Amino acid sequence: MAASAATYKDRQFLAVIGDEDSVTGLLLAGIGHVTDPPDSQRNFLVVDSKTETSEIERAFENFTQERKDIAVVLINQHIAERIRHSVDTFADPFPAVLEIPSKDHPYDPEKDSVLKRVRRLFGE
Amino acid sequence: MSGAGPREAVFPTRQSLGLMKSKLKGAEIGHSLLKRKSEALTKRFRDITRRIDEAKQKMGRVMQIAAFSLAEVSYAVGGDIGYQIQESAKQARFRVRSKHENVSGVFLPQFESYTKEGVNDFGLTGLGKGGQQIQRCRETYARAVETLVELASLQTAFLVLDEVIKVVNRRVNAIEHVIIPRTENTIKYINSELDELDREEFYRLKKVSNKKQRDTAAADAEILAARQRQAEKDKENGGAAEEPDSVDVLGEQEDTDVIF
C-alpha cells in the first residue's frame, strides 16, 4: 500500500459522469477543469438518453485509468447501472468511485457496489 | 513420531534444535503481534463501514437539497444554463488534497477539499437575472461536494483497509496453521533423533563394559590357575611351604584389581 503513496499525491481533481442537472450543479460548485490545450480534456461528461453506453464506458475508463490527476469520480447511480460491470470490477482505491443520486432517480443503497460490500461484510 | 506431518529439511543436531526453538519462539511472537494488528484494523474497519453507511444516507439528503436549489436557479434564470456553464468551466476552483493517516502501520489516504482562490469561471453567469439564486446554488453544491469528498475518503479507506486486513489475516493463518506446526514437528523430529542417538550410545557403552568385564574375569581365572599350579609345585618341593602365610598377613602381596 505504501507504493501508492506517490501516485495519489498529485491527484487533485474530481470528475463527474452524470445527467445534465447533476453536472451543472457540480460545475457550479467549481469542480470543472479543462486541461491545457492541445489535448484539452474535460473532467466531466454529460449523459442523456441519446448517449451511447460505449461512450460512458470510455469516459469511465479514461477517468479511472488513464488520467492520473483525478482523485474522485462521481457517477450518477442510474448511469453506473448502465456500466455496472465496469464499476463493479474497478476495485482500486484510487480514484475513489462514488455513486451519487440524481434528481430523477432517488438513491438506492442496494445497488451501490461499495455498500453492497459493506452489507455483505456485516452479513445482512 | 517424527513422521507425523511435514517438517523442514534439517540435520538432527543440537545446533539446529536450538535454531528451530528460536524460530518457534519468533513465530509465536509474530503471530500474536499480527493478530493484534488485525484486531486493531478490524475495529477501525467496522467504524469506517458504519460511517460510510451514515454518510451515504446523508449524501442522499444533501444531493436532494442541492438539486432543489438548482431547480430554483433554472426557474429564476428562466432558461437552461447548463450549456453555458459547461462551456465556461475552465479551471477547477474546488480541489482536493490527499493526506494520509497511519493506522497501525497502514497508510489510509484521506481527501481534504480546498478551494483555489482567484479562480472563478462563472463570473458572468446569471448576470442578467437570478444571480442571487445562482450564488446560493453554488454554495449548496459546494457543501454537497464536501460531503461527497468526505464519503470518497471513507470509501477509499474502506477499500485499502479491506485489502490490508485480508493480507494480515492470511499471514496470521499461515503462521498459525503452517509455520508453527511445521516447526514443532521439526523440533519433535530432532528430539526423537537425538534420543535415538543417545540410546545407541548407551547401548554401545554397555556392550563395551560387558566385554571388559568378561576379559578381566578370564584374566583372573588364568592368574588363579597359575598360582595353584605354582603352589602345587612348591608343595612337591616341600620345606618352605609355610612361608607365603606370613607374607599374606603383612598384605605385601598385591590384590588383583577389581574392574567395574
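## Interface of chains A and B

In this predicted model, 52 residues of chain B are in contact (heavy atoms within 4.5 Å) with 46 residues of chain A. About 4,400 Å² is buried between chain B and chain A, and carbon and sulfur atoms give 67% of that area. Buried area is the accessible area (1.4 Å probe) that two parts lose on being put together, summed over both.

Seven residue pairs, both residues at pLDDT 80 or more, are in polar contact between chain B and chain A. A polar contact is a pair of N or O atoms within 3.5 Å; within protein, one must be able to donate a hydrogen and the other to accept it, and residues adjacent in sequence count only if both atoms are side-chain atoms.

## The chain B side

Helix 1 (14-77), helix 2 (82-88), strand 1 (94-103), strand 2 (106-115) and helix 3 (131-237) of chain B each give two or more residues to the side that touches chain A. Helices (H or I, at least four residues) and strands (E, at least two) are DSSP runs, numbered from the N terminus. Helix 3 of chain B gives the most, with 18 residues. The residues on this side of chain B divide into 30 nonpolar, nine polar and 13 charged. Here Ala, Val, Leu, Ile, Met, Phe, Trp, Tyr, Cys and Pro count as nonpolar, Asp, Glu, Lys and Arg as charged, and the others, Gly among them, as polar.

## Helix 1 of chain B

Helix 1 of chain B has 64 residues and spans 89 Å from its first C-alpha to its last, close to the expected 94 Å (1.5 Å times one less than its number of residues). Gly78(B), with a positive phi near 80°, follows helix 1 of chain B.

## Confidence and conventions

Chain B averages a pLDDT (the predictor's confidence in each residue, from 0 to 100) of 84, and 88% of the residues score at least 70. The model scores ipTM 0.82 and pTM 0.72.

Residues are numbered from 1 along each chain as its sequence is written, and chains are lettered from A in the order in which they are written. Local features need pLDDT of at least 70, side-chain atom pairs count only at pLDDT 80 or more, totals for chains and interfaces use all residues, and side-chain values use heavy atoms, with hydrogens and water left out.
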